[in-house]
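Open the model in your viewer and keep the selection panel at hand. The stops below go from the ligand to ring pairs, charges over rings and backbone angles.

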Amino acid sequence: MNQPRRSDTGMLIAGFQKTSFVDYPGQPCAVVFTPYCNMDCVYCHNAHIIKRDAPLIPEDPVLEYLEKRVGLLSAVVISGGEPTLQQNLEAFILRVRTFGYAVKLDTNGTKPQVLLSLLSKKLLDYIAMDIKAPANKYDEITHSCVDMDAIRRSIAVIRNSGIPHEFRLTFAPQLTQEDALETVRMVKGCDRFYLQQYRPRNDLDPRAHPPNEVLKTGEAIAREIGNCTVRGLGPEH
Ligand code: SF4
């Protein structure tokens with residue numbers, strides 16, 4: 001198996017989307033994907049980058065591109081994989097911020113101390129955290145042994161961060177509406193909540209909940225926590 005290239009200075013990068021109009025609310029952005037994840041979710045569509053032998057791309061051309069796009073793009077999204085596993089995440093964000101970009105971080109919430117550190121240094125402008133399931137189904141959905149105290153600490157850190165944030169739940173077929181409601185009670189009072197339609201990765205995966213069920217669950221979540229937007233069914237939702 002090929003070993004991933006290690007760097008003492010640069011952040012490891014497995015993918016780069018040069019332009020996006022949907023990944024940072026209201027701002028044209030680029031998206032950087034970091035390799036590796038400490039989860040293996042049943043619906044992960046980034047399986048090619050979460051493996052230990054994920055192919056990497058060099059950091060320098062990414063930074064050079066971002067420097068050239070100042071004025072055309074206004075934000076950078078760091079997604080994954082799980083970015084908080086990256087040793088040089090902070091150094092990368094510092095570089096990006098010198099160009100004047102706003103920074104959004106996507107996370108699975110397993111590293112609250114990393115979030116706290118970045119927030120205390122005012123390095124983030126937006127955080128999006130995936131919550132996966134009620135506590136008793138977290139391990140089943142993520143195929144991993146999750147420290148729920150860490151998840152709860154991340155939720156608290158993000159809710160108290162004072163910066164715009166969102167939480168999102170993918171409505172996997174393994175979850176019922178009651179599971180979804182139990183999950184969202186963990187983030188009651190959050191800025192924005194998104195219920196995302198599940199997309200099977202192949203024909204062997206379980207089928208998604210029908211759209212009307214997803215919409216009804218979204219309405220039930222909105223009644224429970226005060227807001228919910230359904231994503232992934234089409235532009236009208
Ligand atoms: S947390 Fe995200 S990147 Fe990691 S396995 Fe789950 S869906 Fe994939």
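For sorting residues, Ala, Val, Leu, Ile, Met, Phe, Trp, Tyr, Cys and Pro count as nonpolar, Asp, Glu, Lys and Arg as charged, and the others, Gly among them, as polar. By that scheme the shell around the ligand holds 5 nonpolar, 2 polar and 2 charged residues. This is a predicted model, in which local features need pLDDT of at least 70 and side-chain atom pairs count only at pLDDT 80 or more, while totals for chains, interfaces and linings use all residues. Numbering starts from 1 along each chain as its sequence is written, and side-chain values use heavy atoms, with hydrogens and water left out.

**The ligand.** Select C37, M39, D40, C41, C44, I50, G81, N108 and K132, the residues around the ligand (a heavy atom within 4 Å of it).

**The cis bond.** Stay on G81: the peptide bond from G80 to G81 is cis, with omega near 15 degrees. G81 belongs to the loop between β3 (75-79) and α3 (89-98); helices (H or I, at least four residues) and strands (E, at least two) are DSSP runs, numbered from the N terminus.

**Aromatic pairs.** The whole structure has 3 aromatic pairs (ring centres of Phe, Tyr or Trp, the last by its six-membered ring, within 6.5 Å; planes under 30 degrees apart are stacked, over 60 edge-to-face, the rest tilted). Select F16 and Y65, an edge-to-face pair with 5.4 Å between centres and 80 degrees between planes. F16 lies in strand β1 (residues 15-20) and Y65 in helix α2 (residues 59-68), so the pair ties together parts 49 residues apart in sequence. F16 is partly exposed at 22% relative accessibility, whereas Y65 is buried at 16% (buried is under 20% relative accessible area, exposed over 50%, partly exposed in between, with a 1.4 Å probe and protein chains only).

Next, select Y24 and Y126, a tilted pair with centres 5.7 Å apart and planes at 55 degrees. Y24 is in the loop between β1 and β2 (29-33) and Y126 in strand β5 (residues 126-130), 102 residues apart. Y24 is buried at 5%, and Y126 is buried at 2%.

**Charges over rings.** Which ring lies under the charged end of R52? That of Y36, with 4.4 Å to its centre (NZ of Lys or CZ of Arg within 6 Å of the ring centre and within 35 degrees of the ring normal). Y36 is buried at 5% relative accessibility and sits in the loop between β2 and α1 (47-50). Though not a glycine, Y36 has a positive phi of about 80 degrees. Then select R231, which lies over the face of Y194 at 3.7 Å from the ring centre.

**Last stop.** H143, in the loop between α5 (138-142) and α6 (148-159), has a positive phi near 50 degrees.
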